[in-house]
Amino acid sequence: MKIKRQITSFAIATGLLLGLSAATYAQSAPPAAMDGVRHLQREWAHIKYDITDEDAQLDAIHKLEADGEKLRAQFPDSPEVQIWQGIILSTDAGIVRGISALGKVRDARELFENVIETAPTAMDGSAYTSLGSLYYQVPPWPLAFGSDTKAEENLKKALALNPNGIDPNFFYGDFLRQQERYDDARVYFEKALDAPDRPDRPLADAGRRAEIARALNEMASR
């Protein structure tokens, strides 16, 4: 029996881009847009890994969501900004939980799909990782749009574009873990642990690796 997916797991999904290096793709985006993206990344990491009180976390993510909307109004065609606003919306949904969160998750999916249509390789294909993680973590129809088939399809596309990245390997490993394909999951988790450090994202790397360690420990105890 598969592990029951829960909307609360969006918080995990929304970490997928945390580890991405803005410098990797900055050359294709206006400098001001990338400055804004780096702000969103830093604050997102702080909210996810430094703030433990849920109410404080929710207040902070709402403020960051407003920052993201302002940035998107300035740079409506920026795939990087769209990706990060999708992540923030997904994180908000993960904190709120329940049916009321589904609207933000759908908005996030729309942003990721738009990036895939217009700039699929932006941020090393991160829209595929983000969308794939949503597909395996949200409930299926009729409640929402969850689909293991679409999840795996998108996560594999993400890995094709960024085979050594910590996030695509982590999320594909997590998907496999939830499918109870533990041996396969362990391979991708360990590959994620071996991913190169991102000097501009130390908190992201540390947080992600802690999540991987917990997942590996959990599987080892089965």
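Is tyrosine 188 buried, partly exposed or exposed? In this predicted model, tyrosine 188 is partly exposed, with a relative accessible area of 24%. The rest of the fold gives that value its setting.

The protein has 10 helices and 0 strands, and its pattern along the sequence is α-α-α-α-α-α-α-α-α-α. Of its 222 residues, 55% are buried. The accessible surface comes to about 9,900 Å², and carbon and sulfur atoms account for 53% of that area. Among contacts between residues at least 6 apart in sequence, 68% join residues at least 24 apart.

Tyr182, Ala185, Phe189 and Ala192 of α9 are buried. Viewed down the helix axis, the buried residues of α9 fall within an arc of 80°, so they line one face. An α-helix has 3.6 residues a turn, so residues three or four places apart point the same way. On the other side of α9, Asp183 and Val187 are exposed. The buried residues of α9 pack against α8 and α10.

The whole structure holds 8 aromatic pairs. In one of them, phenylalanine 170 and phenylalanine 189 are tilted, with 5.8 Å between centres and 45° between planes. This pair links distant parts of the chain, since phenylalanine 170 belongs to helix α8 and phenylalanine 189 to helix α9, 19 residues apart. Both partners are buried: phenylalanine 170 has a relative accessible area of 2%, and phenylalanine 189 has 0%. Another pair is made by tyrosine 172 and tyrosine 188, edge-to-face at 4.8 Å centre to centre with 80° between the planes. Tyrosine 172 is in α8 and tyrosine 188 in α9, so this pair ties together parts 16 residues apart in sequence. Tyrosine 172 is buried at 4% relative accessibility, whereas tyrosine 188 is partly exposed at 24%. Tyr136, Tyr172, Phe175 and Tyr188 are joined by ring pairs into a cluster.

A search of the whole structure finds 14 salt bridges. One of them joins lysine 104 to glutamate 65, with the closest N and O atoms 3.2 Å apart. Lysine 104 lies in helix α5 (residues 102–118) and glutamate 65 in helix α3 (residues 54–74), so the bridge ties together parts 39 residues apart in sequence. Lysine 104 is partly exposed at 25% relative accessibility, while glutamate 65 is buried at 15%. A network of salt bridges links Glu65, Asp92 and Lys104.

A second bridge, between arginine 177 and glutamate 218, has an N to O distance of 3.0 Å. Arginine 177 sits in helix α8 (residues 166–178) and glutamate 218 in helix α10 (residues 202–220), so the two tie together parts 41 residues apart in sequence. Arginine 177 counts as buried at 11% relative accessibility, but glutamate 218 is partly exposed at 32%.

Aspartate 205 and arginine 198 form a further salt bridge, at 2.3 Å from N to O. Here both residues are buried, aspartate 205 with a relative accessible area of 4% and arginine 198 with 11%.

Note on methods
Residues are numbered from 1 along each chain as its sequence is written. This is a predicted model: local features need pLDDT of at least 70, side-chain atom pairs count only at pLDDT 80 or more; totals for chains, interfaces and linings use all residues. Side-chain values use heavy atoms; hydrogens and water are left out. A salt bridge is a side-chain nitrogen of Lys or Arg within 4 Å of a carboxyl oxygen of Asp or Glu. Helices (H or I, at least four residues) and strands (E, at least two) are DSSP runs, numbered from the N terminus. Buried means under 20% relative accessible area, exposed over 50%, partly exposed in between (1.4 Å probe, protein chains only). The arc is that of the directions from the helix axis to the C-beta atoms. Contact means heavy atoms within 4.5 Å. Accessible areas come from the Shrake-Rupley method with a 1.4 Å probe; for residues, only the protein chains shown count as cover. Rings of Phe, Tyr and Trp (its six-membered ring) pair if their centres lie within 6.5 Å; planes under 30 degrees apart count as stacked, over 60 as edge-to-face and the rest as tilted.
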